[in-house]
Amino acid sequence: MSSESAQKLIKAGSDLAGAAVGGALGFLAGDTLTAAVGAMAGGVVTNVLTDVSDRVLSAREKMRVGATAAIAIEHIRKRVDQGEKLRQDGFFEKKSEPESGKSSSQADEIFEGVLLKAKNDHEEKKIKHLGKLFANVAFDPWCSPAEANYLLRLAETMTYTQMVLLKIAHSPEAYRLRNTAYQEGEQVPYKTVAVLESILEAHHKALIQFTDKGHHLQINSINPSTISFGVVGKRFFEMLSLREIPDADVEDIRRSLSADRAEVFQEIVSRSSAP
């Protein structure tokens, strides 16, 4: 069911997507396809990948696009294998476009948007979660195209650090965070300042809030231990599967917000003592 160009593009993502590439290729070849999933795979994944592959892409862009597609397909395969059903609300239904004479579905548009955002994103750790976004939308009839596009646009404007911060916000009690606000004039490492600025920006996007603060958060009033989801935060966390962010990535950010002041400054000390 998959075209040669679509297969080549998926294979190009092997360095970033790893084992997901093999699973994705097998899935598209029909290893586990039901009629409904087959229509999705043939009508969305293959067509969109074939269209994208016809564009001029650098080797790195091909890698990002292929990896994102492979991750999306592999996540869909796993959910289908667990007995879940794709949404049946017309999301995959193709409709003709009078202007171009072509036909496309809402799924086509969202998948293309995901791949194009991934193509241009230099933070390649985000790619896994862009792929998961499409896969999760494919099973969620409550996620309208408008919401999917909003989440995709939000993901494009966010840094990977902000995604990690959302995982911390999911269960802040697990991370031994500082439990007092920062004070004006306090000596704070630049790395921590950068994380605090990321928090403030995510707060303005309604992704993060603090249980002890109102809507007018300032950088020197942030108490890390009170971090929580903003209005959009929990939905974004779930739809991009951010709970799957590796612990090692969380630990790097956690140290910047640690309750242990010595731990916060540890990296600075180690750098200054390096030959």
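**Entry 1: Asp51 and its partner**

I started with Asp51, which is partly exposed at a relative accessible area of 34%. This is a predicted model, so I read every value here as computed. Asp51 forms a salt bridge with Arg55, and the closest N and O atoms are 2.8 Å apart. I looked up Arg55 as well: its relative accessible area is 34%, and that makes Arg55 partly exposed.

How many salt bridges does the count come to? I got 26 salt bridges. I picked out a few to look at.

Asp121 and Lys126 pair through their side chains, with 2.7 Å from N to O.

Next I went to Glu201 and Lys205, whose side chains form a salt bridge at 3.5 Å, N to O. Glu201 has 37% relative accessibility, so I noted Glu201 as partly exposed. I also found one network in which salt bridges with shared partners link Lys191, Glu251, Asp252, Arg254 and Arg255.

**Entry 2: Asp108**

I found Asp108 in helix 6, which spans residues 106-120. With 6% relative accessibility, Asp108 counts as buried. What lies 2.7 Å from a polar atom of the Asp108 side chain? I traced that distance to the backbone nitrogen of Ser105.

**Entry 3: Helix 1 against helix 5**

I turned to helix packing here. The axes of helix 1 (residues 4-12) and helix 5 (residues 59-81) come within 6 Å, crossing at roughly 100 degrees. Helix 1 and helix 5 are therefore roughly perpendicular to each other, as angles of 65 to 115 degrees fall in that class. On the helix 1 side I listed Leu9, Ile10 and Ala12; they meet Lys62, Met63, Val65, Gly66, Ala69, Ala70 and Ile73 of helix 5. I sorted the residues of this contact into 8 nonpolar, 1 polar and 1 charged.

**Entry 4: Helix 7 against helix 8**

For helix 7 (residues 127-137) and helix 8 (residues 145-157), the axes come within 11 Å and cross at roughly 170 degrees. That makes helix 7 roughly antiparallel to helix 8. Helix 7 brings Leu130, Leu133 and Val137 to the contact, and helix 8 brings Ala148, Leu151, Leu152 and Ala155. By class I noted 7 nonpolar residues in this contact, with no polar and no charged ones.

How many of the 11 residues of helix 7 are buried? I found 10 buried, so I wrote helix 7 down as mostly covered. Among the buried residues are Leu130, Leu133 and Val137, which I had already listed in the contact with helix 8. His129, Lys132 and Asn136 of helix 7 are buried too.

Definitions and conventions: Residues numbered from 1 in each chain as written. Predicted model: local features only at pLDDT ≥ 70, side-chain atom pairs only at ≥ 80, totals over all residues. Heavy atoms only, no water. Axes fitted to C-alpha atoms, helices over the stretch in contact; angles between N-to-C directions. Helix = DSSP H or I, 4+ residues; strand = E, 2+ residues; numbered from the N terminus. Parallel < 35°, antiparallel > 145°, perpendicular 65-115°, else oblique. Contact = heavy atoms within 4.5 Å. Nonpolar A, V, L, I, M, F, W, Y, C, P; charged D, E, K, R; others polar. Buried < 20%, exposed > 50% of the residue type's maximum accessible area, 1.4 Å probe, protein only. Polar contact = N/O pair within 3.5 Å; in protein donor to acceptor, adjacent residues only side chain to side chain. Salt bridge = Lys/Arg side-chain N within 4 Å of Asp/Glu carboxyl O.
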